[in-house]
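Take a moment to look over the chain and its fold. Then follow the text below, one site at a time.

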Amino acid sequence: MLSRNEYSQLKTVIVGDATGAKIPVHDISLRCVNYADKPNDDQLPTSGLYPQQVIEESNEDIAKFIQFLEGESVQVLRPDPAHDPKYYTYCPRDTVFVHGDKVLFTPMALRARAEEFQAYIDLFKPFDVRKEVVLIDREDSLYNDKCIGDPNVLALNETENCFDAANILRNNDDIYYLVSNSGNKKGAKYLQGFLGNNVKVHTLENVYSYMHLDSTIAFLRDGLLLANPSRIKKKEQLPKSLQNWDIIWAPEPVEIGHYPGLCNSSPWLSINLLSINEKLVVLEEHQHNLRQELEKHGIECAMLPLRHAVTLGGCFHCITTDVERQDV
Ligand code: NVA
């Protein structure tokens, strides 16, 4: 049985790799999905490899993180080093959805990420689970360029199901799916069909238009979540099944900056944490205010560096996919 939530005792995890990370060739998918917030085309970064400094320092930080995980007796798996990504394998969270006896390599929103699943698929060979790769066409008609400069228009039309795995958070039989530029409604329906009737997919809509759910909320244990108050302003924005949870409102993030001209996320990556278990999480090392809040709730924080988290667009939740957690 593979992991079904975000917080029970972690046993096996995939950790991403910054090697070969690049800004892909510009196309309509990149323009709409990653850069809808940039009204002018000349604000987009040039295609090509990220600077060597970004890649090397990220891999140094990842090596420290792996050392920490192994010290916690967590088994670490890595992307296939032979895979040369058209985007990156820094964020396995975006690509691979794991739940119980099922693994889904999701139909990702960016064309450049269509083959990224190949870096991870063999890691699941030892597990007796149902694996599915969702292939889609990504025609131009999937993308709505009216989203550029307007967060009220989403990047994805409903022509086919399309979503990144990082649009999803899991709480056992309840799955939460953000409808946004990196996941359409058709994708949520597809996921519901894939998971079957014993599991319920709840959607969050009109909460955050851009990419992924894991800088908006984090599940700390059943009944306790961490919320980003710049996006969740009242409980009613959450699906009903979360409205009776206790909420820790995240403090303002400590900004860690980014490489000049290369920024893939907001400072709210501060809440993009990885839970080792219900009492221990990994935070980016500058997030002391968040640490204080979490400690009030009996959650210890391991503070680790990830210098280019904002540059590459992923902190400790994004750069991992938890494969096995103790079942609850
Ligand atoms: N797109 C998100 C990061 C997702 C982990 C943000 O910029 O906050």
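This is a predicted model: local features need pLDDT of at least 70, side-chain atom pairs count only at pLDDT 80 or more; totals for chains, interfaces and linings use all residues.

Begin with the ligand. The space it takes up is the largest pocket. Which residues surround the ligand? They are Tyr208, Met211, His212, Asp214, Ser215, Arg231, Ser265, Ser266, Leu269, Asn272 and Cys318.

Now look at the oxygen atoms of the ligand. An N or O atom in the side chain of Ser266 lies 2.6 Å from a ligand oxygen. For Ser215, a polar side-chain atom is 2.7 Å from an oxygen atom of the ligand. The side chain of Arg231 also takes part: one of its N or O atoms is 2.8 Å from a ligand oxygen. How much of the ligand does the protein bury? Taken alone, the ligand exposes 270 Å², and the protein buries 94% of that.

Stay with the shell and pick out His212, one of the residues around the ligand. His212 is found in the loop between strand S10 (200-204) and strand S11 (217-221). Its backbone stands out by its phi, a positive value of about 80 degrees, although His212 is not a glycine. Is His212 buried or exposed? The relative accessible area of His212 is 7%, so the residue counts as buried, since the cut-off for buried is under 20%.

Asn272 is another member of the shell. Its loop runs between strand S13 (246-249) and strand S14 (274-277). Asn272 has a relative accessible area of 1%, and therefore it is buried. The side chain of Asn272 also has a protein partner. One of its polar atoms lies 3.1 Å from the backbone nitrogen of Cys315.

From Asn272, move to Ser73. The two residues are 199 residues apart along the chain, and their C-alpha atoms are separated by 22 Å. Ser73 lies in the loop between helix H2 (52-71) and strand S4 (75-77). Its phi is near 65 degrees, a positive value in a residue other than glycine. Ser73 has a relative accessibility of 64%, so it counts as exposed; the cut-off for exposed is over 50%.

Next comes Glu116. Where does Glu116 lie? It is in the loop between strand S6 (102-105) and strand S7 (130-133). Glu116 is a charged residue by type, and it counts as buried because its relative accessibility is 2%. What does the side chain of Glu116 contact? It makes a polar contact with the side chain of Arg113, at 2.8 Å.

The C-alpha atom of Thr159 is separated by 24 Å from that of Tyr87, and the two residues are 72 residues apart along the chain.

Look back over the loop residues once more. His212, Asn272 and Glu116 are buried.

How values were computed. Residues are numbered from 1 along each chain as its sequence is written. Side-chain values use heavy atoms; hydrogens and water are left out. A residue is near a molecule or strand if one of its heavy atoms lies within 4 Å of it. A polar contact is a pair of N or O atoms within 3.5 Å; within protein, one must be able to donate a hydrogen and the other to accept it, and residues adjacent in sequence count only if both atoms are side-chain atoms. Accessible areas come from the Shrake-Rupley method with a 1.4 Å probe; for residues, only the protein chains shown count as cover. On a 1 Å grid over the protein atoms alone, a cavity is a set of points where a 1.4 Å probe fits but cannot get out, and a pocket is an open set with protein on both sides within 12 Å along at least five of seven lines; lining residues have an atom within 4 Å of a point. A molecule sits in a cavity or pocket if more than half of its atoms lie within 2 Å of its grid points. Helices (H or I, at least four residues) and strands (E, at least two) are DSSP runs, numbered from the N terminus. Buried means under 20% relative accessible area, exposed over 50%, partly exposed in between (1.4 Å probe, protein chains only).
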